[in-house]
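Student: I have a structure to go through and would like to discuss it piece by piece. Could we begin with the sheet?
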Amino acid sequence: MMYTSERDYHSTKLIKKGEKELDSSFSRFADWILEEFGWRPINVIYDKIDPNNRPKLSLIFELQGQASVFHNGTGYDEEKRKAIVDKFKTFQNDPHGISDNSDIWVIFQEFEPAEQAACNERIPQEEVNGFKTRFLEQQLWEVARFGAYTTFFFLTKEQMLNSKESGLQAEIKMEYLKLLKPYDEFNYFSLDRLPVVFDNKENFEEHYKGNWDQFYK
């Protein structure tokens, strides 16, 4: 998972904005990944990490789900990882000091989820408070943001269930999308791609003891 505080995120965002280009030394390698696996990474970062100065290859795709082609259901597909490492070595040769026995750690990341989180976090808290106030009469208790996800809490389970039947949940989703859009630089949010959840205070207190750390575990 990519975090908005990481260098990989900021580097990839510059590419997405057109202010920077993929390192030309990685271009043919990225084209090969497209031909072999169906998606072209928008960014490729090769560096060394501790401990032991281990080589790390980060392949960053744009949209959520694109990196799933490298998973086999329980983790990364080792055959695909090895194929990527072998091909990367043939393209790079000497410039980065990669030897045939280098133990390269490959990670697959996606930019869209990280940017969605950044977008949601950009909404000033006072705007979120104002949004919540609009729905106080409908017993909306809290609006809690965590990364890209937003949870709308009603006071009781009954109110939460009724809000779905009455169409209130659909209204809240539509209005929250309007709140997000001014901060959605790359148009990653839509009603079909809006990571929101509806819950209730009764459940929060009964199962999580009113503890946000427990809720987000």
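This is a predicted model: local features need pLDDT of at least 70, side-chain atom pairs count only at pLDDT 80 or more; totals for chains, interfaces and linings use all residues.

Student: Which residue in β5 is the bridge partner of Glu142?
Tutor: Phe153 in β5 is the bridge partner of Glu142.

Student: How many strands form the open sheet, and in what order?
Tutor: The open sheet has three strands in the order β4-β5-β6, with mixed pairing. β4 (140-146) and β6 are the edge strands, each pairing on one side only. Ignoring direction, neighbouring strands of this sheet are turned against each other by 20 degrees on average.

Student: What does helix α6 touch when it packs on the sheet?
Tutor: Helix α6 (residues 157-166) touches β5 and β6, and its direction makes about 140 degrees with that of β6. α8 packs on the sheet as well, touching β4, β5 and β6. The direction of α8 makes about 75 degrees with that of β6.

Student: What is found at the start of helix α8?
Tutor: A side-chain oxygen of Asn200 reaches to within 3.3 Å of the backbone nitrogen of Glu202 there, at the start of the helix formed by residues 201-208. After α8 comes Lys209, which has a positive phi near 55 degrees.

Student: Let us turn to other positive phi values. What is the phi of Gln139?
Tutor: Gln139 is not a glycine, yet its phi is positive, about 70 degrees. Gln139 is in the loop between α5 (125-134) and β4. With a relative accessible area of 29%, Gln139 is partly exposed. Asn187, also not a glycine, has a positive phi of about 60 degrees, and is found in the loop between α7 and β6.

Student: Where does Asp184 lie?
Tutor: Asp184 is in the loop between α7 (168-180) and β6 (196-200).

Student: Is Asp184 buried or exposed, and why?
Tutor: Asp184 counts as buried because its relative accessibility is 10%, and the cut-off for buried is under 20%.

Student: Which side chain does Asp184 join in a polar contact?
Tutor: The side chain of Lys181 forms a polar contact of 2.8 Å with that of Asp184. A polar atom of the Asp184 side chain also lies 2.9 Å from the backbone nitrogen of Tyr188. Leaving aside neighbours within four places in sequence, Asp184 is in contact with Cys119 and Phe189.

Student: Now the helices. At what angle do the axes of α1 and α4 cross?
Tutor: The axes of helix α1 (residues 7-16) and helix α4 (residues 111-122) cross at roughly 95 degrees and come within 11 Å. The two helices, α1 and α4, are therefore roughly perpendicular to each other.

Student: Which residues meet there?
Tutor: From α1, Tyr9, Thr12, Lys13 and Lys16 meet Phe111, Ala114, Glu115, Ala118 and Arg122 of α4. The residues of this contact divide into four nonpolar, one polar and four charged.

Student: With which residues is Ile45 in contact, leaving aside its neighbours within four places in sequence?
Tutor: On that basis, Ile45 is in contact with Arg7, Asp8, Ser11, Lys56, Leu57, Ser58 and Ile60.

Definitions and conventions: Residues are numbered from 1 along each chain as its sequence is written. Side-chain values use heavy atoms; hydrogens and water are left out. Helices (H or I, at least four residues) and strands (E, at least two) are DSSP runs, numbered from the N terminus. Buried means under 20% relative accessible area, exposed over 50%, partly exposed in between (1.4 Å probe, protein chains only). A polar contact is a pair of N or O atoms within 3.5 Å; within protein, one must be able to donate a hydrogen and the other to accept it, and residues adjacent in sequence count only if both atoms are side-chain atoms. Contact means heavy atoms within 4.5 Å. Axes are lines fitted to C-alpha atoms, for helices over the stretch in contact, and angles run from 0 to 180 degrees between N-to-C directions. Angles under 35 degrees count as roughly parallel, over 145 as roughly antiparallel, 65 to 115 as roughly perpendicular and the rest as oblique. Ala, Val, Leu, Ile, Met, Phe, Trp, Tyr, Cys and Pro count as nonpolar, Asp, Glu, Lys and Arg as charged, and the others, Gly among them, as polar. Two strands pair if DSSP finds at least two bridges between them.
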